[in-house]
Amino acid sequence: MGHQSTGEGGAATAPFRADIEGMRAISVIAVVVYHAFPTWLPGGFTGVDVFFVISGYLITRLLLAEWGATGRLDLSGFWARRIRRILPIASLVLVVSIGLILAIPALDARALAPHAIAAALFVHNLHQAREAVDYLGAAHGHNPLLHYWSLSVEEQFYVLWPLLLVGLLLLARRRASPRLVLMATLALAAASFAFNVGLTARDPALVFFHPLGRA
């Protein structure tokens, strides 16, 4: 028997997947190489999207497995596992980053304070979109909290997607239509695609950081 993996939700319910962990490693390495040596791997930033897809697949798989086994979803337990998994290290990095902001004279603490608050509340992506930040531009390279946008998107997904999935599963049960969940998911994907195509030229920052644009 294969050993158990904690998975995205923190519960030991799925066997270890070497293929998924390998793809995760490749996506993370691609992002790191892109930021350290952008000319070496110009498209390395797309590793973030690969990671989002993997996380979405794992979480949906675990939630559907729980629903199939028990007929319900323990959302409070799911969110508690997410908090235990993410909050300690995210808080530590944020505290260290704020300390560096206060200690390094070249960094503008007042200008970066809104970023720190948004990062702490996991809405940094929305703050960046409102400020029309060009993530790939050089003008914002001084912001040590810039990368919190992706964690914010992921945490918003972990709040919104289980709630939507529960609603779809309950509706599918009531109507005896198991394909409803699949059709609704495809509709969401189509809406996300249309959102990207329709707004990229007019408001690229909004599309880049918005959770619907990443859905």
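This report describes a surface patch, a pair of helices and several salt bridges in a predicted model.

Six residues, I89, L92, V93, V96, L100 and I104, make up a nonpolar surface patch of about 500 Å². One of these residues, V93, is found in helix α3, which covers residues 75–103. Because its relative accessible area is 37%, V93 is classed as partly exposed, a class that lies between the buried residues, under 20%, and the exposed ones, over 50%.

## Two helices that cross

Two packed helices are described by the angle between their axes and by the distance between those axes. Helix α6 spans residues 148–174 and helix α7 spans residues 179–199, and their axes come within 9 Å and cross at roughly 140 degrees. The two helices, α6 and α7, are therefore oblique to each other, since an angle has to be over 145 degrees to count as roughly antiparallel. The crossing of α6 and α7 is also right-handed.

Helix α6 contains L170, which has a relative accessibility of 42% and so counts as partly exposed. Although L170 and R72 are 98 residues apart in the sequence, their C-alpha atoms are 9.1 Å apart in space.

## Salt bridges

How accessible are the two partners, E21 and R24? E21 is partly exposed, with a relative accessible area of 30%, whereas R24, at 10% relative accessibility, counts as buried because the cut-off for buried residues is under 20%.

The side chains of D19 and R17 also meet in a salt bridge, with an N to O distance of 2.9 Å. D19 has a relative accessible area of 42% and is partly exposed, and R17, at 27% relative accessibility, likewise counts as partly exposed.

A further salt bridge links E131 with R130, and here the closest N and O atoms are 4.0 Å apart. In this pair E131 counts as partly exposed, at 45% relative accessibility, while R130, at 64%, counts as exposed, because the cut-off for exposed residues is over 50%.

Notes
Residues numbered from 1 in each chain as written. Predicted model: local features only at pLDDT ≥ 70, side-chain atom pairs only at ≥ 80, totals over all residues. Heavy atoms only, no water. Patch = residues over 30% accessible without salt bridge, like charges linked within 9 Å, V, L, I, M, F, W, Y side chains within 5 Å. Areas by Shrake-Rupley, 256 points an atom, 1.4 Å probe, with all protein chains shown as cover. Helix = DSSP H or I, 4+ residues; strand = E, 2+ residues; numbered from the N terminus. Buried < 20%, exposed > 50% of the residue type's maximum accessible area, 1.4 Å probe, protein only. Axes fitted to C-alpha atoms, helices over the stretch in contact; angles between N-to-C directions. Parallel < 35°, antiparallel > 145°, perpendicular 65-115°, else oblique. Left-handed = near helix turned anticlockwise from the far one by under 90°.
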